[in-house]
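Thanks for coming. I will go through one structure today and keep it short.

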Amino acid sequence: MDDLPQHARIGYLVWAVLFACLFAWEAIGLLHPTDSFPTLSQTLKAVMRYQFGRWVLFAAWLWFGWHAFVQGWHFLLRGPVA
Amino acid sequence: MADTLAFVTVCVVYVLVMIYLATGLCILRRAPRARPQPVRPHRRGWPGLILQVVSTYLGGWLLLMLVILGYYGGLARHSPGFVLHAITGTLLLMGLTLPLFLALTWLATRPAARRRRGRRSPGGRDAARP
């Protein structure tokens, strides 16, 4: 854990704001279930009607899953043994 | 050079994600209630589901490999170990998730679960099939 780079707090704050915007828009879409405010899942479901859309989304999921869970992984996601 | 490449990569990924979502919005506006297109419409039940899932797994993996080999192998010239790890790592992830997904689908759609759901909602018997 000691070799983690030290980032400025503003970097984390920007990520937090970006995710807050994403969740806020999703909440607006869920509160107003009309076509004017589509949620992310509605948009993704529309693309997934087609085979190529499913391939693209699965490729993105695979890429994220590989980065998050497989690359440099430890058994049952535990940290490196001291 | 590496910084420029990283910045261009982020921009390209952003544009591709936006194109993907914009396509979804266009489809949603054109046909809001349309159903997904199956790979083989005449195949139903377990054979249809397995065909659908396997074709999605293979198609998505091949697409990802095309991007990884094209970008990391050809353009950015990453180490061959990274590309090799991407290939084996994604295959491992697929090998872990495919049986798990099929097992969970079987648990959710087995006759006992279907009967329970059918009792709770009239007419929901057929809807529970994979």
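Where in chain B does UniProt place the feature "transmembrane region"? The record, an unreviewed entry, puts it at residues 6-28, 49-72 and 84-109 of chain B. Keep in mind that what you see on the screen is a predicted model.

Take two of those stretches in the model.

Now the interface. On the chain B side, 26 residues are in contact with 22 residues of chain A. Three helices of chain B, α1 (2-30), α2 (45-75) and α3 (80-109), each supply at least two residues of that side. The largest share, 8 residues, comes from α1(B). By type, the chain B side has 16 nonpolar residues, 9 polar and 1 charged.

One helix pair across the interface is worth a look. Two packed helices are described by the angle between their axes and the distance between the axes. Here, α3 of chain A, residues 51-70, packs with α3(B) at an angle of about 95°, the axes being 9 Å apart. That angle makes α3(A) roughly perpendicular to α3(B).

Which residues make this contact? From α3(A) they are A:Leu62, A:Gly65, A:Trp66 and A:Val70. From α3(B) they are B:Ala86, B:Gly89, B:Thr90, B:Leu92 and B:Leu93. The residues of this helix contact come to 6 nonpolar and 3 polar, with no charged ones.

Technical notes
Residues are numbered from 1 along each chain as its sequence is written. Chains are lettered from A and ligands numbered from 1 in the order in which they are written. This is a predicted model: local features need pLDDT of at least 70, side-chain atom pairs count only at pLDDT 80 or more; totals for chains, interfaces and linings use all residues. Two residues are in contact if their C-beta atoms, placed from the backbone, lie within 7 Å. Helices (H or I, at least four residues) and strands (E, at least two) are DSSP runs, numbered from the N terminus. Ala, Val, Leu, Ile, Met, Phe, Trp, Tyr, Cys and Pro count as nonpolar, Asp, Glu, Lys and Arg as charged, and the others, Gly among them, as polar. UniProt positions are given in the numbering used here, feature names are shortened, and annotations may be inferred rather than shown by experiment. Axes are lines fitted to C-alpha atoms, for helices over the stretch in contact, and angles run from 0 to 180 degrees between N-to-C directions. Angles under 35 degrees count as roughly parallel, over 145 as roughly antiparallel, 65 to 115 as roughly perpendicular and the rest as oblique.
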